[in-house]
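Hi,

Here is the structure I promised to pass on. Have a look at it first, then read my notes below.

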Amino acid sequence: MLDLDVTVDPLEVALDSEQVRSVNQLLALLLEFKRKDNLLRTRPREAISKYLETTAATSTRSVNGQTSSISRRSSLGGKTRGTSLGIFGQLRTASERPNTPAPRQVSAESAAARRELIRAWWIHAFQGVRYLCKIPKSNLSKQELLERTHLRDTYMGLCMDIEEAQERERADGLEPQASLKLKEQVQKMQMQLALQDILEWRMMAGDKRRESLGSVEEEEDALAKEAAEKERALAAKAPSTLQARMHFASFNAYFMGVADSFWERVSGPAESPPGSPTRGTLSSPSSPSSNRRRRRLTRQMIIKGQVLDVRLEVVQKGRSGHRMARWLELGVGSVSATNCNVQGPDHSARQILSILPIESRAGSSPTVCAFFSASTLRCVDRNLEPGDATLGAVLKPWEGLGNHLRDFPQQETPEQVKRLGFLNGYTNELGKLMTFAFVRVGQVRALDHTPFRRRVLHFLARGRASQTTDLVRRPSPLALNRELLVNLQRKVEKLAGKSDMLGIVEGVVDGVRGRLVDHYNSQHVLCKDVSLAPMTWKALRNGKPQAFHLQFHQLHPAGAKQQPLQLPSLMPGVCGDSWGLLPWKVAMLLLPKADFTLGLDLSMECSPQPGLASETSAGVQDATENPDAAVLNGSTFMKWGRNKKFKRRFVYFDDTFDALVWKNVQTDRRALGAIPLHSIQDVCTGLVTPVMQRVRNPALCPDRVLSIIATDRTLDLQAETVAEQQQWVAGLKARYKQHIQEQQVHGEGAMPLPKVLVRRNKAYPDNFRSDRCALKSTYQRLQAVSALGKTLSMPSK
């Protein structure tokens, strides 16, 4: 039994564009070597001119009379043109050459060699065109497999013959003539083989040679052989148990762009006193003094990727010669990608990718944004023994690793038969590798800002080689049909798997929202918004006979009736409820260009640099002056409860869920509660809620109190200063206004909170709630007035 527990400290990886350029150049060299190697393997070793010269000499002698007359007519004109007219020049030269030898009779062997050489050159040309034009080639043909097998056996036989010939020559004291001839044949064959095939076949030939030499020894050591086989049989029957656990705290990746100019750090002239301050200058590399200076490339942060709290657990149970079962579980706490080339933490183009958290399973599992679980089972023997894993232990991978400790019935239940579908008749085959997987991903939000993407692709494409050819392929309809069949065979093989494989892959996606933003005019950008409702899918695959089945379904809450999904309209008044039966929605919008402007200054969150006190103080000053930034950054408040006591809580606004969240301290990852914006009715100051009116505590300062009134409760906070209170009131109202505007434009309802936060929210009794709703009523009246104005401004038909 092997038990393994690994914990990995936070990892950080940085990569700049110059390093990417170097990697691309290395890959380009490898591709060029591969291209030349593929072309060289089919190229014949002999030149075709060897036989063309003989043919040209024979043709010259056969038309000697005509050649002489042509040369005489050319000389009468005063100019000798035969020297530059191809075959006529060769004929004239041959006719005027004195003592021309008699034509040689081409032998049958020479003619056969000539035909083989010309055929080899034609094959080389065909393979070169196929490779350069990327014409697909089928590797599933029976004839090709037989030819490859024959080529392998021939090569291995030659390698074994070389070793035998060398041993014989060393024993008899002969010159290495036979072995040299065999080596020439092997070298000739190796010019047509790939390096990987040469190494594999040589190792196989060596093993086969050692087996043939050790046959006598095996007969003498029969008893030892039997003992070794018994030990291996016992080892196969012995249980092979493995349990491993790995935890990655965090992984941060940074991609930086290198500027084209050089910043140089100058330590001062030689006569300058020691300790003189350093300074950064920008100078030309061609200046004489630049040779004595050390150059430093200026790097700018472009993208930051972050993966937090990755947990991996693996369990193996069974015996390799009987039954072997494996369970795997992977959870990822958080995944995000940030555009560091914008200014401000609330920029519209800042968040490139984010996955909202989900709950992997009901229980004590930590909150994750992606969950993957897989289980495999391979049966070599049908006999079941106590402790063996059955099909029911691996059929539900989402239940996690605990299934290896549970007992399941040996016979298939009706539920298992229903889940297997058409795979039910193939699970009893011996040697089948049965794989069952489940994956769940939280709601994915992605942004594709086209100008930023082009900039990143420009950096990634540096140093990349582009292979071009002047060959134009014009395939016939029959060739296109054959190519289509070849591609279809490859896709079917990849989807269905190998002949000894079958499995089920299931997944759940809690929704996808993607935005594609591109330039439109000087004031607006064109935004294409695509949203996908929560979906579940199931794929069944079998390698023999090849089969693949895929299903997509709408995800409905457990216990709810399956009704058509009612998606809110992206553009109110345009689509209406006609989108209700579709699980997706698409819209094209014009948004202000200023919200997607890329900047050169980097935020301190993405590129922390020690020692920059001025920039840090500037960022703090911006947070104190900007209410929106203060709400996003969060602050520590005194939170008053129904028991007339207060607790200090860190409160901040989460723009991912559009909710106000609070927790114990800022560094705590576990949230205690949240109030979504769509449930807020008003934001008030002073002692206006039933909770605050009952407080009788000397620590209470009524002029610093602000209350967020929701439909089912209130959140009563006390700030440190009056300025902080007013700042938070302004920031929350601004966020509420932005939420209403986005709801009008996109037509989206409120995104639900994670189940963890929903369970932790506590609804107040009716006597502790407040009926104030001035903020919500104001915006409802504004929406009504705006809709009425649009109706009156429409032209009458």
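The angle is about 155°, and the axes are 9 Å apart. Axes here are lines fitted to C-alpha atoms, for helices over the stretch in contact, and angles run from 0 to 180 degrees between N-to-C directions. H7 covers residues 178-190. Helices (H or I, at least four residues) and strands (E, at least two) are DSSP runs, numbered from the N terminus.

Before you go on: this is a predicted model, so local features need pLDDT of at least 70 and side-chain atom pairs count only at pLDDT 80 or more, while totals for chains, interfaces and linings use all residues. Residues are numbered from 1 along each chain as its sequence is written, and side-chain values use heavy atoms, with hydrogens and water left out.

Back to the helices. H6 passes H7 in a left-handed crossing (the near helix is turned anticlockwise from the far one by less than a right angle; clockwise would be right-handed). Residues in contact (heavy atoms within 4.5 Å) include Leu-151, Tyr-155 and Leu-158 on the H6 side and Leu-182, Val-186 and Met-189 on the H7 side.

H6 also packs against H8, at an angle of about 55° with the axes 9 Å apart. That pair is therefore oblique, and the crossing of H6 and H8 is right-handed. Among the residues making this contact are Tyr-155 and Met-156 of H6, and Ile-198 and Trp-201 of H8.

Now for the aromatic rings. Rings of Phe, Tyr and Trp (its six-membered ring) pair if their centres lie within 6.5 Å; planes under 30 degrees apart are stacked, over 60 edge-to-face, and the rest tilted. The count by this rule is 6 aromatic pairs. Tyr-155 and Trp-201 have ring centres 6.1 Å apart and planes at 55°, so they make a tilted pair. Tyr-155 sits in H6 (residues 142-172) and Trp-201 in H8 (residues 195-213), 46 residues apart.

Are these two buried or exposed? Tyr-155 is buried at 0% relative accessibility, and Trp-201 is buried too, at 4%. (Buried means under 20% relative accessible area, exposed over 50%, partly exposed in between, with a 1.4 Å probe and protein chains only.)

Another pair to find is Trp-398 with Phe-438, which is edge-to-face: 5.8 Å centre to centre, with 65° between the planes. Trp-398 lies in the loop between strand S10 and helix H11, and Phe-438 in strand S11, so the pair ties together parts that are 40 residues apart in sequence. Trp-398 is partly exposed at 25%, whereas Phe-438 is buried at 13%. Together with Phe-371, they form one aromatic cluster.

One more spot: Ser-679 is in the loop between strands S22 and S23, and is buried at 10%. Leaving aside neighbours within four places in sequence, Ser-679 is in contact with Ile-709, Ala-710 and Thr-711.

Finally, the overall picture. The protein chain has 19 helices and 25 strands, and 33% of its 797 residues are buried.

Cheers

Note on methods: Angles under 35 degrees count as roughly parallel, over 145 as roughly antiparallel, 65 to 115 as roughly perpendicular and the rest as oblique.
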